[in-house]
Every structure is written in structure tokens, then in C-alpha cells.
Amino acid sequence: MRVLLHWVEKGGYSPELSDMMAEIRKDSHEIVYWIGHPLAPAAEREHFSQTVFHSYLDAMQGLPARGIDESEFSPLGEEVVSDFYKEESIILTMMNRLFDKMCVDERRNIYYQMLRYWLGVLQKYKPEIVIFTTTPHVVYDYIIYIVARRAKIRVVMFDDARIPGRLLHLSDFRRGSELLRERLL
């Protein structure tokens with residue numbers, strides 16, 4: 001299975017991240033794209049030299065991963081823009097934190113650039129699953145989430161259960177954990 005992994009470790013590295021990535025590969029899955037901390041050790045990146053590495057700091061600014069030529073991605077057409085119109089106001093509001101000095105038109109331009117980029121990444125690398133550390137809560141990861149869901153790519157994310165060592169598995173953060181819902185009802 002082809003995996004797009006959004007896993008940003010505080011400080012850039014943890015043994016658990018290394019173990020998880022090794023387990024993913026051991027089970028014959030391929031991490032085709034990894035969004036991570038820019039301080040992720042070079043040695044760790046070498047183990048996954050066939051994987052595109054994208055610093056989450058660059059992704060937050062709308063910058064592409066190193067070595068990615070955005071010119072090969074199709075421009076957004078009217079149909080794509082209208083398909084995602086319901087998400088646009090959410091995304092423009094999310095931009096208040098990072099792009100607060102920009103006017104709405106500048107923010108919209110960045111949103112369209114990000115949307116084009118992430119649509120292009122998913123079309124080029126064809127992940128079959130997108131795995132998030134946590135629920136999407138900044139512009140670029142929310143765009144990845146909506147684009148993946150629209151393309152019917154499986155999405156897995158985790159949420160803090162407030163119990164040490166426990167996480168809740170989610171596929172739709174708006175619905176929450178299906179397993180928890182089943183257990184409570």
C-alpha cells in the first residue's frame with residue numbers, strides 16, 4: 001500500500017517514529033511522501049531515500065517539497081474551485097493565525113496554490129492511505145484531508161484520549177471515533 005505520512009515529531013525525532021516507519025515498510029507498504037519535522041535526522045531520511053520528505057514548516061508557508069516541480073501539476077479549473085467552495089471559507093479563516101497581515105485576495109491565492117499543489121501530489125504519488133499524527137488543524141493538512149477524502153483515499157488520524165499511552169483512531173474528525181461511539185452506545 002502506498003502511504004502519505006503526516007507525522008511531525010516534536011524535536012524532529014523519536015524512536016517510536018523510526019519503529020513505526022520500519023514496521024510500515026516491513027509489511028510491504030511504501031511511504032511515498034512524508035511530511036515531517038525539519039530536524040528529522042538525516043540518517044532517518046536516508047532509510048527512506050525513495051520517499052519525498054517535506055518539512056511541515058515549508059508546507060505551512062505553501063512551499064513545495066524540495067525536488068518537486070510544481071509546473072507539472074495541472075492548473076485549477078473552474079470545476080475544481082467550485083468542488084471545494086464549501087471549504088474555502090474554513091481555510092481562509094484558518095489562515096488568520098499564519099497569514100493575518102494578508103488581505104483576503106492574497107489568502108485566496110495561497111489557498112489556490114496549496115490546493116493545486118496537494119491535488120498534484122496525490123495524483124502523482126497515488127497514495128492509497130493518508131496517515132496523520134493528529135486531526136488536521138492548519139491550512140495545508142486540512143487541504144490534504146479534504147482532497148484525500150474527495151478522492152476517496154483512506155484517511156487515518158489519531159486524537160489524544162487524555163489517558164497516557166492511549167490514542168483514539170479516527171477517519172473523519174467531524175464524526176469522531178467510531179469505536180468509541182460503538183462502545184458508548
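Which residues in α5 meet which residues in α6? The legends below begin with this contact in the predicted model.

**Figure 1. Contact of helix α5 with helix α6 in the predicted model.** From α5, the residues Glu 88, Ile 91 and Leu 92 take part, and they meet Val 104, Arg 107, Arg 108, Tyr 111 and Tyr 112 of α6. By class, the residues of this contact are five nonpolar, no polar and three charged.

**Figure 2. Crossing of helices α5 and α6.** Helix α5 covers residues 85–94, and helix α6 covers residues 104–125. The two pack at an angle of about 115°, and their axes are 10 Å apart. That angle makes α5 roughly perpendicular to α6. The handedness of the crossing of α5 and α6 is right-handed.

**Figure 3. Packing of helix α5 with helix α7.** The angle between α5 and α7 is about 160°, with 10 Å between their axes. An angle over 145 degrees counts as roughly antiparallel, and α5 and α7 are therefore roughly antiparallel to each other. Their crossing is right-handed. On the α5 side the contact is made by Glu 87, Ile 90, Ile 91 and Met 94, and on the α7 side by Val 139, Tyr 142, Ile 143 and Ile 146. These residues divide into seven nonpolar, no polar and one charged.

**Figure 4. Glu 87 in its surroundings.** Glu 87 is placed in helix α5. Its relative accessibility is 11%, and because buried means under 20%, Glu 87 counts as buried. Beyond residues up to four places away in sequence, Glu 87 touches Tyr 142, Ile 146 and Arg 174.

**Figure 5. Helix α7 and its buried residues.** Helix α7 runs over residues 139–150 and has 12 residues. From its first C-alpha to its last it reaches 16 Å, close to the 16 Å expected at 1.5 Å a residue. Of the 12 residues, 10 are buried, so α7 is largely enclosed by the rest of the structure. The buried residues are Val 139, Tyr 140, Asp 141, Tyr 142, Ile 143, Ile 144, Tyr 145, Ile 146, Val 147 and Ala 148. Just after the helix, Lys 152 has a positive phi of about 60°.

**Figure 6. Contacts of Ile 144.** Ile 144 lies in helix α7 and counts as buried, at 1% relative accessibility. Apart from neighbours within four places in sequence, Ile 144 is in contact with Leu 4, Ile 35, Trp 118, Val 130 and Phe 132. The C-alpha atoms of Ile 144 and Leu 115 are separated by 8.2 Å, and the two residues are 29 residues apart along the chain.

**Figure 7. Leu 57 and Pro 38.** Leu 57 is part of helix α3, which covers residues 56–61. Its relative accessibility is 40%, and Leu 57 therefore counts as partly exposed. In sequence, Leu 57 and Pro 38 are 19 residues apart. In space, the C-alpha to C-alpha distance of this pair is 7.3 Å.

Definitions and conventions:
Residues are numbered from 1 along each chain as its sequence is written. This is a predicted model: local features need pLDDT of at least 70, side-chain atom pairs count only at pLDDT 80 or more; totals for chains, interfaces and linings use all residues. Side-chain values use heavy atoms; hydrogens and water are left out. Helices (H or I, at least four residues) and strands (E, at least two) are DSSP runs, numbered from the N terminus. The expected span of a helix is 1.5 Å times one less than its number of residues. Buried means under 20% relative accessible area, exposed over 50%, partly exposed in between (1.4 Å probe, protein chains only). Axes are lines fitted to C-alpha atoms, for helices over the stretch in contact, and angles run from 0 to 180 degrees between N-to-C directions. Angles under 35 degrees count as roughly parallel, over 145 as roughly antiparallel, 65 to 115 as roughly perpendicular and the rest as oblique. A crossing is left-handed if the near helix is turned anticlockwise from the far one by less than a right angle, and right-handed if clockwise. Contact means heavy atoms within 4.5 Å. Ala, Val, Leu, Ile, Met, Phe, Trp, Tyr, Cys and Pro count as nonpolar, Asp, Glu, Lys and Arg as charged, and the others, Gly among them, as polar.
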